[in-house]
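Here's a quick tour of the structure, written to be read with the model open beside you. Have a look at the fold and follow along, one region at a time.

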Amino acid sequence: MKMNRREIIKQLALLTGGIVLVPSCDFSRKEVVHAYNKFELSEESKAILEKICNTIIPSDDQHPGAEELAISDFVLVMIDDCYSPDNQKRFVNGLQRFDTYAFEQTRQNFLSMSPSHATELLQNILDHPPSDDQDAHAEISNFEDVRYLVQTTKNLTIQGFLVSEYIMTQVMPYQLVPGPFQGKVLLSENEKINING
Amino acid sequence: MVNINLPGKEEHTYDAIVIGSGMSGGWSAKELAENGLNTLLLERGKEVKHIVDYPTTNLLPFELEHRGQVQYDTLAQNPIVGRCYAFREDTEHFFVKDEEHPYVQESPFDWIRGYQTGGRSLLWARQVQRWSDYDFEGPARDGFAVDWPIRYKDVAPWYSHVEKFVGVSGNKDGLDALPDGEFLPAMELTAMEEYFQQTMAREYPDRPVIIGRCAHITGNFEYYAQQGRGGCQNRNLCQRGCPFGGYFSSTSATIPWALKTGNLSIRHHSVVHSIIFDNEKNRATGVRVIDANTKESTEYFARVIFVNAGSMNTNLILLNSTSDRFPNGLGNDNGLLGRYVAFHNYRAGISGEYEGLNEYRTAGRRPNGGYIPRFRNLKRQETDFLRGYAAGLSGHRSIITDRSGVGSELKENLLKPKYGLWRVGSHMMGETIPKASNYVQLDPDLKDPWGIPQLKIHVKYDDNDDKMVADYLEQMQEMFERAGVINIRTRDDHRAPGLDIHEMGGVRMGKDPKTSLLNKWNQLHACPNVFVTDGACMTSTSTQNPSLTYMMFSARAANYAVDELKRMNL
């Protein structure tokens, strides 16, 4: 059932030229919706998540980053299938609040931010000390959801990156049949460590 | 129950019926079929063909949609099996889901089950340690349960018989507490484990550390090629089912072997309701089977019946096999059927780090670990609790990946992992004392989906277990400290009994029909053409991983049954 729904959305997306239109009263907010099993995301929220992933692990000359490895898709599959309803709510709420928070902090929308500003913003969110202001509950809980979003996305982006086909075949190869086990191997100098070795 | 298929009786008649195709049932079937008995093997679950039905066996980590993690809804719906360490995205199809086979927990008991060809033998941890007389003499020496009706010399040849076919990797360590067997080349200890072994040899001469003896083929390849099995490739993906047949399972080894004789038939989706006892003939004549899918009832007949349904289900079948002669369950004249259930205490563990041996690492993956045989109360009573524990040991060089920061700094760090300290860990495998107060019964009201009473399980830890946990942690901490291990952490996770997946007893062996259900050949005292050779037969548990002993009992009892049939004694 789950896969089916995702597959249907994908196929619909193909038929309709890449987007699924869902009727909405407020077209000004670009309410184009990506439906997962447990939650829905607007086009804008999806774009923000992609940019968060791509900021956490950017592309460079040497290695592809989150964008080429489609990590945001992996993040959404994991949130959809492996997270509790409460944590899904926090994640989605954090994502919906994210741009407002970004704008308050930087006077820029996240999607138009330069890579270095985006990196700085994410780092600041992760480094932000927990608040002890008892009077601003709603605001704090919204920020905590933003932080939860960024921290969770970071964890999943790292997982998606390290356990990607690219890393596990090109960079630190995982062998299905690894050869004999050796319990005591002398390290050689400048040995390149393979976490999948 | 009405005998609904008398016209088909002849075609439903076999020399032998084996209930359950798991670890012990596979052995019963193999030995009976090899000896020329026309044998019917009944499996309640689906058919799983070796290699063909291992759907995840060759998937790479990134090919698993959730990278191995079980989905939230699956875990929410399966709190019991979800606690099993081996229940993962790549293995969950081999486990029984909680709602598929309900049971009653009078006290928390995690009953982990695998209903398919081979049962849980596809999923086991593959450690195979022999018992010694320190184990078989335990109840008599320490005054609990009843005396085992056998000693090591009675079963040693059958351990050998089983080990040769299974393929057991290990060292001849020369330990009287853990007799040597028929071993293929041993796997290597890691540098850390070897160092720990050497330190213990100096500091605690009576606490040897060895490499685990495991059911993996590491030599004598031509012999195992006859079984269609190859050598272990160290993939360490065993619970997916091994396409090389590198580890032993009923699915890869005993069942295909038995089928080759032409004497074995297997019927899947066959839930055994009960064993039929004929009052006039004064013997068991067959079994009632309910088709798992159609719920239709059928009967099958045979001269001998081997009950290998898995400890708890074996109790369930016997309790549900009532007749005029046995109103309280087959062979249950003394009322002890279902009582004296025990298990292994896996609650405690310890871990730490070691700063030396920095010049070494390991290479590859090893489907095995270090092992510390029971040393506590081994030769005499030393503590204020009975019996003792064996311990697993593992030592691996850690690799540290710096996950701080975001952006190019993070990415660079992820691609530059560094070696950290050696990490060393151990877990306890404690003997528990069988007691009348740890029992299983039939629920008087609740039925399972096949109309069979649900099993009500009442199994708890006791004071002896708590003391043993404390002693394990104390002794192991001291041993780790003497080896210079730092950052030591201990844990007692208070897991429910059952999660060890070493549930045993309820149909114990013994010398006296007044205090036991089975004799020294695993026959019901009161119904000798029914044999029980799975974990239900265990009089006590000792500390060794039990599968090897179940297999040994199965092979030994099956050959005895064949001899007795020839002598017209059964």
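Predicted model: local features only at pLDDT ≥ 70, side-chain atom pairs only at ≥ 80, totals over all residues.

Let's start with β19(B) and strand β20 of chain B (residues 453-458), which run antiparallel and are joined by five bridges. If you want one pair to click on, take Tyr439(B), whose bridge partner in β20(B) is His458(B).

Those two strands belong to an open sheet of three strands in chain B, with the order β3-β20-β19 and mixed pairing. The edges are β3 (104-105) and β19 (439-447) of chain B, each of which pairs on one side only. Lying across β19 and β20 of chain B is helix α9 (residues 311-320) of chain B, and it runs at about 65 degrees to β19(B).

Next, find strand β17 of chain B (residues 389-400). Three bridges join it to strand β16 of chain B (residues 370-372), and the two run antiparallel. Here Gly370(B) has Leu393(B) in β17(B) as its bridge partner.

β17(B) also pairs with strand β18 of chain B (residues 418-431), again in the antiparallel sense, this time over eleven bridges. A handy landmark is Ile399(B), which stands opposite Tyr419(B) in β18(B).

Which way do the side chains of strand β11 of chain B (residues 304-307) point? Val304(B) and Phe306(B) go one way, Ile305(B) and Val307(B) go the other, and all are buried.

β11(B) has parallel partners. Strand β1 of chain B (residues 16-19) pairs with β11(B) in the parallel sense over four bridges, and Val18(B) stands opposite Phe306(B) there. Strand β24 of chain B (residues 527-532) runs parallel to β11(B) too, joined by three bridges. Phe306(B) turns up again here, with Phe531(B) as its bridge partner in β24(B).

## An enclosed helix

Now jump to helix α12 of chain B (residues 547-566). Its 20 residues reach 29 Å from the first C-alpha to the last, close to the 28 Å expected at 1.5 Å a residue. Is α12(B) largely enclosed or largely open? Of its 20 residues, 14 are buried, so the helix is largely enclosed by the rest of the structure. Just after α12(B) comes Met568(B), which takes a positive phi of about 60 degrees.

## How chain B divides up

Zooming out, chain B splits into domain 1 (1-152 + 249-343 + 438-459 + 503-570) and domain 2 (187-211 + 346-431 + 461-496). Their C-alpha centres lie 34 Å apart. Where the domains meet, the contact takes twelve residues from domain 1 of chain B and 13 residues from domain 2 of chain B. On the domain 1 side of that contact, you'll find four nonpolar, five polar and three charged residues.

## And chain A

Chain A has seven helices and three strands. Reading from the N terminus, its elements go α-β-β-α-α-α-α-α-α-β.

How much of chain A is buried? Buried residues make up 26% of its 197 residues. As for contacts in chain A with a separation of 6 or more, 54% come from residues 24 or more positions apart.

Definitions and conventions: Residues numbered from 1 in each chain as written. Chains lettered and ligands numbered in written order. Pairing = 2+ DSSP bridges. Contact = placed C-beta atoms within 7 Å. Axes fitted to C-alpha atoms, helices over the stretch in contact; angles between N-to-C directions. Buried ≥ 20, exposed ≤ 12 C-beta atoms within 10 Å, placed from the backbone. Expected span 1.5 Å × (residues − 1). Domains from an automatic or database assignment. Nonpolar A, V, L, I, M, F, W, Y, C, P; charged D, E, K, R; others polar.
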